[in-house]
Amino acid sequence: MKAVVLKGINVPLVVEEVPQPEIGPEEALVQIKAASLNKRDWWIQQGKYAGLKFPIILGSDGSGIVTAVGASLPDAWIGQEVLLYPAENWGNSEQYQSKEFKILGMPENGCFASYVRVNGDMLFPKPAHLSFEEAAALPVAGLTAYRALFIRGQWAPGDKVLISGVGGGAGAFALQLAIAAGAEVWVTSGSNEKISQAVTLGARGGVNYKEADWAEILKGKAGAFEVIIDSALGEGFAELIGLCTEGARVVFFGGTAGNIPPLNGRPIFWKQINILGTTLGSPRDFEKMLSFIKEKQVFPVIDGVFSMDEAEKAIKSMNAGTSKFGKTILKIDS
């Protein structure tokens, strides 16, 4: 079968013929039709990720068709169009993942291949209103955004939402999910073009965080927020505290702009502000996310679609800066 293989740190992705995986009794073989890239893939290629091993087939997100199942799984899965939960071993608690939790695409081979082997409990029916490419955009970014907004952020009708640093996959999904739920949503970005794109999708407005006093400008336009979603951290994170209502929830995932800066703790305890971390989500969260996507007929925002032979070009586009909005997709050859 064909696969996109990473052979080492800072080495370009290459397409090779590799053996088709064999499945065990509780596993399934899925013919991948489309996969999407995450910043995780780029960080692995840069060598800035734990537990690296090479060669590896990257790709946590995939959609396709089940072609074979192990003896412990029902034959009814064969031929079904599916979307893959992007990890295994979440564990028994809905509050946090287990120590055995691992994400597809490192350390196990992932979805940048004609076929992938997965545990049977990672199979979920593909939403019928989505193409394979659209469905492949969902798993990591959609699940992360859903858990951040609804599970950790506890969004409720009437809560105003701020998406800090809109444009990346999870940020774009958080915007779409909040709008679909009926929230008033505002955004920040370092790109006026991305703010305009967010408004086109339904955001009420936004500010460019490169402007001086951007937080005061936003507060003057929108007031304070009950839920704030952030994916970058860095120095700007401190400004978010001043944008919180009493009892607000500030939820973050990732830290591409740095660490948490010094914070003024007084408004945090006086206003009873919650600062919450989140990572992906449980299989139950995934099921809820898919149900919401189907009910609200949400269509993921796709920034670009690439062939397998263009995989290196696709992963480089992850750092396209101000021009990128939404998910990057690989169409997988059968």
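User: In which loop is K210 placed?

Analyst: A residue is first located by the elements on either side of it. K210 sits in the loop between β12 and α6. Keep in mind that this is a predicted model.

User: What is the order of the strands in the open sheet of six?

Analyst: Strands of a sheet pair through backbone hydrogen bonds, in either a parallel or an antiparallel way. Here the six strands are ordered β12-β11-β10-β13-β14-β15, and their pairing is parallel. β12 (205-208) and β15 (274-277) are at the edges; each has a single partner strand, so one side of each lacks a neighbour in the sheet. From one strand to the next, the twist averages 15°.

User: How many bridges pair β11 with β12?

Analyst: Strand β11, residues 185-189, pairs with β12 over four bridges in the parallel sense. To find the pairing on the model, look for W186, which stands opposite G205 in β12.

User: Which strands does helix α6 touch?

Analyst: A helix on a sheet is described by what it touches and by its direction. Helix α6 (residues 214-222) packs on the sheet and touches β10 (161-164), β11, β12 and β13 (225-230). The direction of α6 makes about 165° with that of β12.

User: What should the 14 residues of helix α9 span?

Analyst: The check compares an expected span with the distance between the end C-alpha atoms. For α9 (residues 283-296), 1.5 Å a residue gives 20 Å, and the end C-alpha atoms are 20 Å apart, which agrees.

User: Which residues of α9 are buried?

Analyst: They are D285, F286, M289, L290, F292 and I293. Looking down the axis of α9, these buried residues fall within an arc of 160°, so they line one face of the helix. The face turned away from that buried side carries E287 and E295, which are exposed.

User: Is H129 buried or exposed?

Analyst: The cut-off for buried is under 20% relative accessible area. H129 is at 18%, so it counts as buried. H129 lies in the loop between β9 and α2 (132-136).

User: Which residues does H129 touch, not counting those up to four places away in sequence?

Analyst: H129 touches E134, I293, K294, Q297, V298 and F299. Its side chain also reaches the backbone oxygen of V298 at 3.0 Å.

User: How many of the 13 residues of α4 are buried?

Analyst: Ten of the 13 are buried, and α4 is mostly covered. Among the buried residues are G169, A170, F173 and L177. α4 is followed by G182, whose phi is positive, near 105°.

User: In which sense do β4 and β5 run?

Analyst: Strand β4 (residues 61-69) and β5 run antiparallel and are joined by three bridges. In β5, E81 is the bridge partner of I65. β5 is also joined to β9, again antiparallel, by three bridges. There, L83 has F124 in β9 as its bridge partner.

User: How many residues of strand β3 are buried?

Analyst: Nine of the eleven residues in β3 (residues 27-37) are buried. To read its pairings, take each partner strand in turn:
- β3 and strand β8 (residues 115-119) pair antiparallel over five bridges, and E27 stands opposite N119 in β8.
- β3 and β4 pair antiparallel over eight bridges, with V30 opposite V66 in β4.
- β3 and strand β17 (residues 327-331) run antiparallel, joined by four bridges, with S36 opposite I329 in β17.

Definitions and conventions:
Residues are numbered from 1 along each chain as its sequence is written. This is a predicted model: local features need pLDDT of at least 70, side-chain atom pairs count only at pLDDT 80 or more; totals for chains, interfaces and linings use all residues. Side-chain values use heavy atoms; hydrogens and water are left out. Two strands pair if DSSP finds at least two bridges between them. Helices (H or I, at least four residues) and strands (E, at least two) are DSSP runs, numbered from the N terminus. Axes are lines fitted to C-alpha atoms, for helices over the stretch in contact, and angles run from 0 to 180 degrees between N-to-C directions. Contact means heavy atoms within 4.5 Å. The expected span of a helix is 1.5 Å times one less than its number of residues. Buried means under 20% relative accessible area, exposed over 50%, partly exposed in between (1.4 Å probe, protein chains only). The arc is that of the directions from the helix axis to the C-beta atoms. A polar contact is a pair of N or O atoms within 3.5 Å; within protein, one must be able to donate a hydrogen and the other to accept it, and residues adjacent in sequence count only if both atoms are side-chain atoms.
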